[in-house]
Each structure stands twice: as structure tokens, then as C-alpha cells.
Amino acid sequence: MFIDDNSKIARLATNVAGMDQLQPIYHRLWNELVCLQDRIIEIENKFYLFDEKLSSEGEITILEYTNKQGQRDKIYDLEKYIKACRDCAADISHIGKTIPEENLDVFIKKYLEDFITKYIKEEYEVTKHLVDFVNTQISKWVDNVILAYNYQENVHYVVQEGLIKPVDYYSTGIVQNFSHWTDGLHQFLQIKHNLKMTSETLTTNFLSNIGYFKRYKSNLFGLTGTLGSKASQDLLVELYNVDLVIIPSSYRKQYMSLPDIITKNNIQWFETICRCAINESHKGRGTLIICETIEHCKRIAEKLRKHQNSGVIKLYTMNNMNQEENVAAIKSGEIIIATNLAGRGTDIKTDDVEQYGGLHIILTFMPPNKRILEQALGRTARQGKRGTGQIILNINHSLYNEDFDIEKIAKSRDEIEIKILNDFKNSEWKIIQLKDELFFKFCSLLSEIRKNIREKNGLVSKIKNKVKDVYSNVIPSIYESNILLSIEEQWAMFLRKIDNEKSSIISEKIHQKYEKFQKKVIDDYEKGRVIKNPYYHIVIANDLVINDSSSNENYDEAMEHYHRAIELDEKHSAAAFFGRGNGKFCNIRLITLDQLHDYVDAVTKGDEIVIIKNEQNFKVGYKEKGDKKYIEWIVDNKELTNYLSSLHNHTMEILDSNKYSKIYRLIYENVESKNGYVRQDFLQPLRSLKGDKEYEIEFNDLTAREDCGTIDQAKQTIDKAVSKDEQTAKFSKVDSSATQETSSSYGENRILNSDYKHIGISIMQINAEVLKEFLNPNIEVREVTKELALRALKDRSSFFNHHLLPRKLFSKSPQVDLDINLDNQILEKKNDMQAKDAIKIIEQQTNDNVYFNLTFKSANEISSVLKAKVNVHDQLMRKLSRIDEETLLIEHISSRHCSINKEYIKDIIPLLRNQGIIDKLGTIDENEESHNRDLLEELNCCDFNQFNRYKEEIIAVFEELHTNMLNVEVNELSETIKLISDSITEYAINITESCLTSS
């Protein structure tokens, strides 16, 4: 923390409202990068970018494109074509372009920046409060989408429990469970692995490691065995103003360094590591292999298990799976394979191997500095015990691959470290100090505004003792929280401007900018205009309406917040329009019978409810919902009568809703029970959109669990969009534009059936793997810990029909397959179990390092619905949905569905293509009904040469293929392939009513 992590900052990230709306940008950018890789080719040391995706047949590259006449055309040998164009200086702009003579990475970044900038400008409208943020983020998003594409799982990060978790492989090897990368990198990795996407966050509260330790002033003491190089020691003294004292060791060091080894390639490197580890194991010693990445650990473990008993191989790569037990002690012959997790601060008990020479360390990479090297080798020969160490490097992994000398490599590394530390001291240190100073000022600003809010709300009385803590035991109100969140959001944007400064930062100028920022915040707060994000206005307004919507004062304030939200960003404030449309509650006025004619109009408008006082009783006049007429009700509620009788001298007055809240409550309840109005009609419907545009409604975190009696909130919300008259009709259903009659009864709750006619379900960004999960009848839970496996079994109890009861009571209970794994080996496998039996087996497991695979058979209800009700064009479509997009070629399709050798297929297809058969597949001749029959005749007449014995089988497959393609209604096989490929990789699959109700 003092040196390696001196520039690190403990951050508290804030979720900014509306940031989730940027997710389409991440998806478009990722998809464009992935597609770009398939459109760039190198020909004779020159790179070309083509407008459409390339394919190949053997070593020949093929380009299919749309020509100027709008017809599909094909270049069979692209490299030959490009060389010919180059020789005659022909233009290739109709198919692509030459990439300029510059760094390819520079071109790709520029291309992606232009692409996403154009997309945002022409196709995507950013919420107004995020416009500046998006404009400054584009270049960072482009850098990080490329970084995410190149990042390797089990090297830079791991995927656990559906989450991306960064790995600090550079220094500690720790899996950082609660850390997220910034500037879209985390989101791009989530897209890469088809995980649920989180929103990008902004840093608002932070404290640097330097700032934290400096708060101790002169009371800072520490003990370490590895101070590192002189440059590191000098920095430590200067940063923290400490003295360094060397304490002699209590024991004589018995460490022996074995000769270092440098290998030329990966194969030699892995073999050398395994050979040395096995040699030491055969001597009875314990061996610790320290690797740079988790991936290397797994590869080495896999190779060692081929030669050694798996029981002596232990892994320590995860700090969050209780693997520390693997390195607590080492026995004779055991081999521990670990990341640098085991290289820092780990005390391995070596008593059992001391007689054989102690623990042997194999370090498989060159650490970035001397300190980390000493820490890794310092795991052995501790407290006077014996031990040895050895470095085995792969020169291809090294930055210094021109040198095969360990001393030269170490010297070059130390020089780089000195440069890094100097750069930090001269630049980054100043920025960290500046940010710490600014954050201290901002905290004071926030405290003053918080205090002001609470004083205005009466939470703190000026008369009370001011020594008391203003903030103790006070839960912040929704208003206070959202005002402060809005200010913090603006503070985060201010900090980003500092980070985006391209010139050298001058502290005085930044402090001046902060003073302007602070003044603007204070001025905006005093004017009631400090909120710039409409979401916060909507949240405050909703709270005012929900908590005391019967209060006219609160209602008026809520309406003002809705109005402000619409002012800030009309196009992204649909919730404000809806909230403002929830009419004001009716005032209740006490009058006499002779005054009634003066107030009937106010009642029929829905503004008021009147209480008519006479000698015999009280009557309540209200507006009826159906015919919207004036109706009277004679008060027969004893409690209400008693309250009304206590009223004196209130004639013609509107009753105070706070003072007479019980009267308001009782009258509202009774009027509502009689189908009367207690609040005004919906005032602000969403305006009609021009052209064919429609509003899109998104439901988040809604329930649909019939088994536990929970209301289906999505259906309930949709049903409320229908008028009362339509709801009471026998066969009324929701349509996007009008009410349609169907044969289903109202209110029936099913999954994706005709109850939801005309309501589409979009499955965004789906690829082949995800589609397979949808279609898989089983629910699979893979590589989970004991706790998560038990939770998965118990949480799905509703699907298991209460699995703890006897089987005979629930014959339809899904069966469970269970795998118990340790270090990539299956320890136990159980099939066709009841869930209750699986729970018992899992609970008996005491080893925290095991993980579990669960398969709930035929439990995927979505699969059954999709297979039963969704008409996926034809059998071909379903088959192709399981093929990777890069293998969607006629050769692969043929070899997949014919029992013919793949090598023969490669020869047969060109044979048929030359005779025009392939190009005719799927084409339709509108003037010739017998086209399908004619193609069959052509196939029968086709010359198969030496492959004549396969003729009958080929004809059968192609005939079915041709028929299926005609049903898809596209003109060429390539179009079919593109249609399916796009569906499962780049765009959305829309499941509509016509699919859901098809037979």
C-alpha cells in the first residue's frame, strides 16, 4: 500500500440516474469491433477494410457484396482480385478501402470513434444531463472496448457467479471481489461474457492511500522484510516522512539459490517447470510454483496431473474460495501451484519437509520490482529453516526478450521501476494531493447544504443547544438525499474534467475552478435550481405524492418537481408526465343546502367533494365515475357522523386536510367504495407521436410468481391502461393501439400466451450460446460454491413442487443431476435425484474447495413455451442457430447433415457450384411454379464424377435445404446465413404474438 499501491484511491462510486440508458452505446460499439475483425485482411503487407464480412474456402478468401445495381455479387479469390486492382491502379471503393500507411491500431480507434459518434448523433438521443459526459467518454470507451476484447479470462479477470472480478496479477494476485473497472471497461467485459450489465458509475467520495496514511502524521510505524530497491526506499522516506531502520535477523539464513533458467518458448517453459517440480517432489521435498496468472496455474496443474498423483497437486489462485487451507502447511512430495497470492505474506508450515531440504520455490516470471521478487522467494528458508529457490522464465513473456541473461533482465527492470517512481513523484503525486484537498473542501460544502436543508425542515432547532451533533440519529429525507446526490453528481463531473486535462495541471488554476464550481452550486441551491438531472425531481415528487398525497401543499410541491423534470429533459421524463397526470385530490368543503348550487360545478369537475349540513343528517356530494354525474350519499357511518358533528363555524370553508385528516380518510374511503371520484382525472397523457413512432414501456424487477401468490405486476400495469368499460367487457384484451377481442377470459395469468396479444418480448444481444440456454429444457447451474448450490436448490423450491415431501405426492417433481468437483476433477456424480437428496449430499461436504454442477431436468419453463408456441421458421433455422457464426458455410452445413467425409464435401461442393447448383439453392422463379421440381431434376442430372455413390444422399439433403430456404423467403443461401447470423449475434430476436400463438 505504501509503494506499489501508493497511487491507488479508495473510492465510493455513485450510481448516476440515467446512466443505464447508455447501454445501447456499449453494445453497438462492441458489436462493431467484433464485426470489424472479420472485415480486415492483410494482403502483401498492406491492410484492407471491406464493407462486408469475409469468408473462406480452404486458403481462398471470398467476399460477397452488393453491387451498384443492388444485386448480390461474389469475388471468389479476393487476394488475387486485389493484386490485380493494384497492378492496374483500379478503384476498390465499391467493396472497401485501403487502410492508410499508419499504425493499424490508430486506424481502428479512429474508425470506431467516427462510427459511435455518428451513431449517437443520428440514431441515439442522449439524456441532456449526460451529453457532456458522453462527449468526453467516447475516446475512453473506444480504448476500453479494444482493451476488453484483448483481456484474457483467468489472467486479467475471472468470471464467478455471473460477475466480472478483476485480478491484481501485476502485484498481489488477489481477486478483487468488490472492485469495478471504470470508463466502460467493466461493461464491455460483461457484454463479452453475456452477463447482466451494470451501469457505469462515477467516483464522488474517495481517499488516497497517501492521504490516509498521512493522517497518522508522526505516529506511523511499520515492519517489513522487503523494502526493495534504493529508489523505493527513497520514495518511502519522502512520501511519508519516515526513517528506515534495519533490524538484524534472529536466525542465520539457510537459503540456497539454484541456477536460473531461461527457455525459448512455451512448450519448453512448461516442460522445464514440471520437470523441476517433479524432481523435487521425488526427493520428498515440498514445492511452491508461483505463476503470474491464473491461466498459467491451471495449465501447469493440468500437465503435472498427467505425471503425478492428483492428490499431491494443490491450487491457490482464488482468495475468495477458502483455498488458503491448501497453503497452510506442505507435506512431503506435495506441489502447490499459486499466483502471487502465495508470494506475499503467506507463512507456509514446512516442518514435514525440513528433513528433505525444506521448501523449494519455482518462480515462473520476472516480478516488476525487486521487492516482489524478494517476497516471493522469501516464502522459503524462514526462521532459520532450510530452503531453495529458482527462477524459470519464458523469454517470449518478457519485455526484455533480446537478453538471455537474468542479471541484464533484472537491471533493465530496475531502470524501468526508477522511471515509474520518478514519474509518479513528479506528476501523479501532485494530482493525488490536489484531489485530496478539493475533496476536503467539497465535504465542507456538502455539510453546509445538508445542515441548511435540515434546519429548513425543522429537524434542527436554532434554539436548541448548538453543541449537539446536528446529524446524530437523523435519517435523511428523500428530498435531502436527492439534493445531495445531484450535487455529488456535478462534483463527479468536475473531477472528470481534471482527469481529462491534457496539459500539465496547475494547482492554483484548479482551485480557482473549484471556487467557481462551489459558488455556482450554492447559487443554484438558493434559487432552487441545483438539480440538473430530471430523475431526482421525479423521485422527490413521487415521495411527496406517496407519503401525503392528500395534502394540497405537498401536491403542489410535487407538481412543481414534475414540471422541473420536464423542463430539464422533456423527452426523457415520461415518468414526470405520468406523475403530473395523477390528478389532485379533491378538497372537502362544508356547506349548507341553500349553498349547494354554488358548488355543484366544482364537484362535477372533480375539484371538490361537499358535505351538506342540515338539521337531520349530513350528506356528501361527489362526482360519479361512470356517468360523471353529481351524486349524493347520506352519511350512515357513525364514526364519521361524530366527527362532522363536532364542526362549528366552518360553513363554506375547505377543511384543513392535516387538521381533519380522519374526516378526509373516511370520506375518501366511502366515496371510492361507491365508485366516486376522490381525485381529478389523468391530466397529462403522453402526446401522440408523429409517423409510425410508438412509445416503449420497460418493466424492471417485476414479479410473475403464481405459486406463491404474488401479483403479476407487468400484467396488472398493462391491464390498468385499459378503460373501466373495456375491463368489464367479457373478452377485452390489451393492444398497443386499441382493444382487441380474443377468446381468453380477462385476468387469466399465463406465460407468454394470447393474454398478451400484440405485446412483444425482445431478447436483446442474444448469441448462439444464449439461444441454446433458452431452448435447453434443463436449468443448469455451473461451478458454484456449496452455499450457492444450496441456495439454488432451495430458491427454486417452487419449481420442485416442495421437494422435501415424498416422491409419490409429487410425481412431476424435476430430477436433479449433481457433479461434485475439486481442482477440475469430478469427485462424485449423481443422476436423477430428488432435490432433497441433493441437498443432503451437498450439506455433508466439508471441503470448502469443492464446487458443484447442478442440472434440473425439464425445469426450464421458457424452453417449453418457446418450443411449443414459437414458430422458428423451419428446421433449418433451428439447426443453424446452434452453429457458430464463423462456420455458417454451405460446406459445414453439408458435412453436418450428410454422413460423408468432410474432405469429400470440400471437393463435392465446388463440383456442384461449377454446375450452377449451389447458386440456385433457395432462389424463387415467380413465373415458374415447378421451380422446386426443376432443381431436383437438375440435381439428378448433375455429374458427381467419382463421388457418384453419395449422389442420392446429397440430393436428399439439398432438396430439404432448398425447400426450407424458400419458406424463409430470402433469395440466396448467403442471405439465409446472414439473416440467422445477424439474429443470433448482432441484433434482437423479437418474439411476437404471431409466434406465441402459432400451432
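What follows is a short exchange about a predicted model of one protein chain.

Modeller: This is a predicted model, where local features need pLDDT of at least 70, side-chain atom pairs count only at pLDDT 80 or more, and totals for chains, interfaces and linings use all residues. Residues are numbered from 1 along each chain as its sequence is written, and side-chain values use heavy atoms, with hydrogens and water left out.

Biologist: How many helices and strands does the protein chain have?
Modeller: Helices (H or I, at least four residues) and strands (E, at least two) are DSSP runs, numbered from the N terminus. On that basis the protein chain comes to 33 helices and 30 strands.

Biologist: What share of the 999 residues is buried?
Modeller: Buried means under 20% relative accessible area, exposed means over 50%, and partly exposed lies in between (1.4 Å probe, protein chains only). Of the 999 residues in the protein chain, the buried share is 45%.

Biologist: Which residue of β3 stands opposite I43?
Modeller: Two strands pair if DSSP finds at least two bridges between them. β2 (residues 40-43) and β3 (residues 46-50) have four, in the antiparallel sense. They form a hairpin with two residues between them, and E44 in the turn has a positive phi of about 50°. Opposite I43 stands K46.

Biologist: In β6, which residue is the bridge partner of T66?
Modeller: Strand β5 (residues 60-66) runs antiparallel to β6, and four bridges join them. In β6, the partner of T66 is R72.

Biologist: Why are K520 and D524 separated by about one helical turn?
Modeller: A salt bridge is a side-chain nitrogen of Lys or Arg within 4 Å of a carboxyl oxygen of Asp or Glu. K520 and D524 form one, with the closest N and O atoms 2.9 Å apart. K520 is partly exposed at 46%, whereas D524 is buried at 11%. They are about one turn apart because both sit in helix α13 (residues 507-526), and their spacing is four residues.

Biologist: Is R413 buried or exposed?
Modeller: R413 meets D414 in a salt bridge (3.0 Å, N to O). D414 is partly exposed, at 24% relative accessible area. R413 has a relative accessible area of 3%, so R413 counts as buried.

Biologist: How many residues apart are D832 and K857?
Modeller: Their side chains meet in a salt bridge (2.6 Å, N to O). The pair links distant parts of the chain: D832 is in strand β28 (residues 825-833), and K857 is in the loop between β29 (851-856) and α25 (861-869). Their separation is 25 residues.

Biologist: Is L223 buried or exposed?
Modeller: L223 is found in the loop between α6 (209-214) and α7 (230-240). Its relative accessibility is 80%, so L223 counts as exposed.
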